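This report describes how the parts of one protein chain are arranged and joined. The sequence and the structure come first, and the description follows.

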Amino acid sequence: MCEYVYSSGKKCRRKALKGSKYCSLHIPFEEGELLYGEKIKEIKRRAFERALERGVRHFEGVQLYDVVIIEKELKEALIFRNSKIKRLIIGKSKLKNLTLINSEVDSLVIVESTIDFLYVTGVNSYGISICSVDFRSSILIRDSSVKYVMINSTEFRPEEVTAEEEFGELGRMAGRIEISNLSGVRRIAVNSRYPLIERLSKELGLQFNVTKRPVRAHILYLGAIRFDESPRFKRQVRIYINRFSGQLLVENLAVPGHVEVVSSKVRYPEFVHVTIYNNLVLRNSKLYSDENWNLAYLPNLLAELEVYGFIVIENCQFNNPYLAEVFYRIARTTWEESGDKEKADEYYYLEMLARRKRVLQHYRKGPRTLKKTFRLLEVLFEFFFADLTCKYGTDWKRPVFLWLALVIFGFPVLYALTSSVTPINSSFDYMYFSIVTATTLGYGDLHPVGVGKVIASIEAIFGMFMWAVFLTVFARKYMR
């Protein structure tokens with residue numbers, strides 16, 4: 001009999017291989033290869049398949065080369081404990097649960113399958129790949145050493161309403177993808193390029209119909225992950241999230257490389273005690289929040305998220321102006337600290353637009369009062385005199401072009417239409433009078449009459465204001 005002793009204290013009841021004290025499942029790799037050479041791979045494969053056919057679902061202490069489960073339906077939990085597996089491949093199958101505990105699995109691949117619950121803990125692995133999978137409860141990868149975690153085209157699809165859904169605790173268990181307390185990580189990727197599926201198709205002689213689709217979950221949680229500090233990985237993208245739909249919670253992370261969120265629909269983006277030593281990139285994504293979440297979490301974002309590189313926000317949409325304002329503000333601060341004032345001004349302008357929109361939305365709610373009316377007029381004044389004239393002091397070209405357009409063309413047309421300047425010998429006199437009025441020279445050779453006096457007064461005030469704006473913006477842009 002096999003002399004392997006389970007953690008419960010019982011011995012394995014399988015027959016030991018000839019020349020060994022262990023059965024075909026428990027015999028160590030080195031001993032098996034010494035006794036049987038390459039045949040040990042086939043021996044172990046057949047022994048595992050026979051055990052699976054007999055209904056065995058709990059494997060402890062096994063040492064296997066390739067565990068390939070293709071086109072099977074397992075209604076009981078499949079558990080590997082204290083085991084060593086070279087490759088664990090699950091394809092075109094339906095599993096109740098898959099649990100890996102305190103094991104060494106060089107490569108775990110789940111492709112085009114349905115699984116209720118995946119739980120990985122205490123595992124030493126090179127890579128975990130989940131591709132085109134529908135899960136009904138949670139995917140938890142915890143307390144392990146994993147170099148690469150790849151999740152592609154994976155969706156949460158519950159069969160029925162769970163207790164968590166009924167009591168409003170979706171973010172805690174149901175629909176949760178959790179990657180936490182890992183060490184030695186080089187890259188975590190959602191919907192990235194993944195050529196391994198093609199190689200597996202050729203190797204296994206199967207055609208996997210992997211369709212590209214977003215990764216959907218109630219929450220994607222990344223926490224307490226320790227990355228590989230090798231210099232060759234420090235400037236690479238360590239966390240890449242593409243086409244993800246759900247809540248994103250990043251907690252207790254120090255990322256030595258970049259973090260990218262691309263083409264995603266992110267609800268309640270939350271960063272808690274997060275340090276990114278390179279860049280944070282948000283591109284072509286939509287970010288969602290509500291007022292309660294904004295009050296509870298957004299004020300702390302500036303203190304909780306520290307980026308030593310840059311924050312880049314490109315072609316992103318925010319359903320809430322306060323959410324946009326805070327993200328543009330922290331992006332602006334990173335560019336200001338680096339000395340790139342041009343880029344900082346871009347985010348400052350976007351921040352002020354979001355702030356103005358937030359104030360406008362706030363004072364348009366509820367019954368109209370005198371205070372709200374004054375605030376709305378203040379917003380209108382801000383638009384005309386701060387945004388329209390110079391984009392909140394970030395664009396020196398706009399006041400120049402605006403001044404030229406109105407003084408050379410706009411006001412002369414008004415004077416001509418109202419015939420309110422005398423004496424006039426040619427149409428050029430209107431332009432001449434407009435320039436003299438806007439620069440407040442007032443030579444007196446031409447005079448406004450009637451409504452022209454009102455127009456001339458407005459133009460004189462406009463000219464003085466625009467020159468002040470131009471000088472202020474020009475000094476801000478080039479003298480600081």
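## Interface of domain 1 and domain 2

The model is predicted. Between domain 1 and domain 2 an area of about 1,500 Å² is buried, and carbon and sulfur atoms account for 68% of that area. On the domain 1 side, 42% of the area buried against domain 2 comes from Phe29, Phe48 and Leu52, more than from any other three residues. The size of an interface is often stated as the accessible area that is lost when the parts come together.

The contact involves 16 residues of domain 1 and 15 residues of domain 2. Six residue pairs are in polar contact across this interface, both residues at pLDDT 80 or more. Helix H1 (29-36) and helix H2 (39-53) each contribute at least two residues to the side of domain 1 that touches domain 2. H2 gives the largest share of that side, with six residues. By type, the residues on the side of domain 1 that touches domain 2 are 11 nonpolar, two polar and three charged. The number of salt bridges between domain 1 and domain 2 is zero.

## Domain layout

The domain assignment divides the protein chain into domain 1 (1-56), domain 2 (59-159 + 173-363) and domain 3 (396-479). Taken over C-alpha atoms, the centres of domain 1 and domain 2 are 38 Å apart.

## Strand pairing

Strand E11 (residues 187-190) pairs with strand E8 (residues 124-152) in the parallel sense, through four bridges. In this pairing methionine 150 has alanine 189 of E11 as its bridge partner.

E11 is also joined to strand E13 (residues 237-242) by three bridges, and these two strands run parallel. Here valine 190 is opposite isoleucine 241 in E13.

## Salt bridges

Side chains of opposite charge can pair when their charged atoms come close. How many salt bridges does the rule count? The count comes to 24 salt bridges.

## Backbone exceptions

Most residues other than glycine have a negative phi, and most peptide bonds are trans. Two places in the model call for a note against that background.

The peptide bond that runs from threonine 422 to proline 423 is cis, with omega near -15°. Proline 423 sits in the loop between strand E22 (421-422) and helix H11 (428-438). Serine 132 is not a glycine, yet its phi is positive, at about 55°. This serine 132 is placed in strand E8, the strand that pairs with E11 over four bridges.

Technical notes: Residues numbered from 1 in each chain as written. Predicted model: local features only at pLDDT ≥ 70, side-chain atom pairs only at ≥ 80, totals over all residues. Heavy atoms only, no water. Domains from an automatic or database assignment. Contact = heavy atoms within 4.5 Å. Buried area = accessible area lost by both parts, 1.4 Å probe. Salt bridge = Lys/Arg side-chain N within 4 Å of Asp/Glu carboxyl O. Polar contact = N/O pair within 3.5 Å; in protein donor to acceptor, adjacent residues only side chain to side chain. Nonpolar A, V, L, I, M, F, W, Y, C, P; charged D, E, K, R; others polar. Pairing = 2+ DSSP bridges.
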